[in-house]
Amino acid sequence: MRSVTVPEAFTSIPSLAISENYFLVIGTRTPCKLFRRSDGKYLNDVSRRGQGPGEYWLINGGIIDEQRERIYLIDSQRDYLMAYDMNGKYMEEDNIPLPGYIQWGKIYLNKDNALVFTTPADAGTNKILGNFVETLADKHLCWVQDLKGNVLKSTPSDRVIMSIEKRHSNVLYVSRLSPESPIYTYTIHQRDVYQGDTLYHYNAEKNLFYPAYTTILTHNSYTLIASVESPLHYYTTHQIYKEGQINSGGNLKKCRMIQVDKKTGKARYIRIVNDLISGDEVVPYFFQTWITDNGLVITYSNDPLELKEGLEKVLKTNTKMEASLRERLTKLKDSLHEESNNVIFIYKFKKE
């Protein structure tokens, strides 16, 4: 008996890049994989993990540029954007230089320029392509550059710069609810909650960051995970771990989400339930993570057989389901089996 791994298989989904017609699964142990959005069809791998030409090691973001017909990957081990065609072939001549290594960052491209956000760190020792390298402190929190790597304007990092050791336990969330104002958030891991978790807006015209929303929970046992934003609300997630244990998934005691109405300022605890598919509660951490640039909310099922069971239940009990949706869910249900991959769902916020 032999085990066969199909090309479209992936082991985890640390992040996704999404465009109008495609999405890119960025894994930690498998190559980045391109899929078609309309039907989820796997198209091809984008190069592979490694340290050779065109290979990558630690990807922390990606861009699908349909106009240029290019895929760009942000490898924290390289000081340039790595360029590939839509078939996954490395296009070295189209690489975009950066003024430094991007750690936990996000990049937006337009015709002539790039808007870059990063998590700035003080001077220290970085491991780059297997070697320990002394690096200078990051000068910029964010900047606009041309596609040759020249910085045109920037916001200094002095207010939020952190030690290089702590940077790796913090995560940068950036989403773009409008072309004028990307959102920028530090997520605080393994740190005292009184420091708060502040969500900043960025004014591109004035090249200015300003705080939009801050969460400070008073209980010492809480650990803030993220503060992010949707068109109508702010969301903050916090976790409580078992007393005397390290903060890890296995020691998680409770995970709660706070929703704050932007207009009224009123806050409440909420639960997110996938009532369309299975009725299962969505873990708040994943809901927070996958609020993306165009207001999409992405989550995924960890176990295809559990999803199949949930689909069977909802198809049986929901007699008012539209025929087209019933057909799609039935097709998905019938395709799932014990050796199936995880299933990614892409949702959009409802307009009210």
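## Report on a predicted protein model

The protein has four helices and 26 strands, where helices (H or I, at least four residues) and strands (E, at least two) are DSSP runs numbered from the N terminus. This is a predicted model, in which local features need pLDDT of at least 70 and side-chain atom pairs count only at pLDDT 80 or more, while totals for chains, interfaces and linings use all residues. Residues are numbered from 1 along each chain as its sequence is written, and side-chain values use heavy atoms, with hydrogens and water left out.

Of the 352 residues, 47% count as buried, that is, under 20% relative accessible area, with exposed meaning over 50% and partly exposed in between (1.4 Å probe, protein chains only). Among the protein's contacts (heavy atoms within 4.5 Å) with a separation of 6 or more, 46% join residues 24 or more positions apart.

The whole structure contains ten aromatic pairs; rings of Phe, Tyr and Trp (its six-membered ring) pair if their centres lie within 6.5 Å, and planes under 30 degrees apart count as stacked, over 60 as edge-to-face and the rest as tilted. One of these pairs joins Tyr56 and Tyr84 edge-to-face, at 6.4 Å centre to centre and 90° between the planes. Tyr56 lies in the loop between β4 (42–46) and β5, and Tyr84 in strand β7 (residues 80–85), so this pair ties together parts 28 residues apart in sequence. Tyr56 counts as buried at 1% relative accessibility, and Tyr84 counts as buried at 0%. Tyr84 also pairs with Tyr90: the ring centres are 5.5 Å apart and the planes stand at 45°, so this pair is tilted. Elsewhere, one aromatic cluster is formed by Tyr108, Phe117, Tyr200, Tyr202 and Phe209.

Rings also take part in arrangements with charged side chains. A charge sits over a ring if NZ of Lys or CZ of Arg is within 6 Å of the ring centre and within 35 degrees of the ring normal. Two such cases are listed below.

| Charged residue | Ring | Distance from ring centre |
|---|---|---|
| Arg256 | Tyr269 | 3.6 Å |
| Lys262 | Tyr234 | 5.5 Å |
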